[in-house]
Amino acid sequence: PFVVRVNDFAVPRASPLPLAVTYNPLAYTTNSSGKVAGDAAEVVARNADPEGPVQLVKSRLGEWADFLADHYLTMDSLYHRTNQNWEVLTKLRDDGRLGIFNLGYWDYFKDEPDAERVWRETTLPYLKANYAKAKELGILDRAYVYGCDEVETNFFGNIRKCVEILRQELPGVPIMTTAYDRNFGVGSPLGDIDAFVPLTIYYKPDRAAVARAEGRQVWWYICCGPNGSWANGFTQHPPIDLRMLMGAQTVRMRPDGFLYYEVTMWNSRRPITRGPFTDWDVRSYADCNGDGCWTAVGPGGKPLSTVQLENFRDGLEDYAYALAVEKKLADHPYGPSANRAKQLLAVPRPLMDTMKNFSVDPRRLQAWRDEMADLIEREW
């Protein structure tokens, strides 16, 4: 037996939270211990295999774009240095499902003779071309530029020089980084960057508040860490982890967005053709199975979801419920339901005590969501 509740309101068609997530199908090989294989020739062969997942999905680009949008993701990449798929982006815009997208990856130039000239000649052309195209299509307001992935503090001076150039060449486009600035630009050489993205374990609300007061955003991300009691999308973690991260934890902690490096990192040689049991391989790093591979490939390149991706989407819907409650509270700050709305928006402690101590009981989560739905439907 089961129960279905139909609410008298709709969730948004596009993600209620800004997302920077990579779709870049690639073959990923591991050895028997789960470490990255060192055979580069094997990786090249798998990526080129016409019967392998990477090649099969190429004939279904539009289907994959719609599938991702169904899970609140825009077909995008943090690391591309080429043209965007403008046909996909404009269709998502017309469908009301376009999120934000990256004009291209950028990295710092080093303290070497001619380094700035080489950087300008190799980095700016694709960024400026994508800038011009996005402006022509009327979607420049959805663009950002991402760079300097997880760069250490000793290169901050070099990063600053690049940011100054990007400001001149790409006016109005937010600049985002995962460089290790634990103060999020406050009193830092990186103060001109628009959005800092720390790992969830390094996200500090008090520091984020200071950065926001100075006009910056502070997002968060996960990858092969954090592990242990922290929410992540590993296969061996409870699937509800991702729903809690994207829902209750986002409601409590209020990051400005979420970044994830890859959802199409595939370790299997062939697509899934039957079930329910499969031989689809989700090994990533030694103890981070499932990291980077929240999707799977079905017959002929058909997009398939995973429990991680479904929980990711459900968590964003939980967050959308909270935003709807927040809107009603703003419209009726002294209404009869105002106090309870504030309690739900603070996220009840039995559901989430801390980022490391939270419930994995779906009944508690569903009770929180249902009560928010009651408030949304109720006349205040």
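Asp111 forms a salt bridge with Lys161, and their closest N and O atoms are 3.7 Å apart. This pair links distant parts of the chain, with Asp111 in the loop between E3 and H5 and Lys161 in helix H6 (residues 156–169), 50 residues apart. A salt bridge here is a side-chain nitrogen of Lys or Arg within 4 Å of a carboxyl oxygen of Asp or Glu. Helices (H or I, at least four residues) and strands (E, at least two) are DSSP runs, numbered from the N terminus.

A quick word on what you're looking at: this is a predicted model, where local features need pLDDT of at least 70 and side-chain atom pairs count only at pLDDT 80 or more, while totals for chains, interfaces and linings use all residues. Residues are numbered from 1 along each chain as its sequence is written, and side-chain values use heavy atoms, leaving out hydrogens and water.

Back to that pair. Asp111 counts as exposed, at 62% relative accessibility, and Lys161 as partly exposed, at 38%. For those words, buried means under 20% relative accessible area, exposed means over 50%, and partly exposed is in between (1.4 Å probe, protein chains only).

Some salt bridges share partners, and that joins Asp66, Asp70, Lys91, Asp95 and Arg97 into one network. Across the whole structure, a search finds 30 salt bridges.

Now hop over to helix H1 (residues 40–48), where Arg46 and Glu42 are four residues apart, which puts about one helical turn between them. Their side chains meet in a salt bridge of 3.1 Å, N to O. Arg46 counts as buried at 15% relative accessibility, whereas Glu42 is partly exposed at 23%.

Finally, take a look at helix H4 (residues 86–94). Its buried residues are Trp86, Val88, Leu89, Thr90 and Leu92. What covers them includes helix H3 (61–70), strand E3 (101–106) and helix H5 (115–137), with contact meaning heavy atoms within 4.5 Å. Just after H4, you'll come to Gly96, which takes a positive phi of about 75°.
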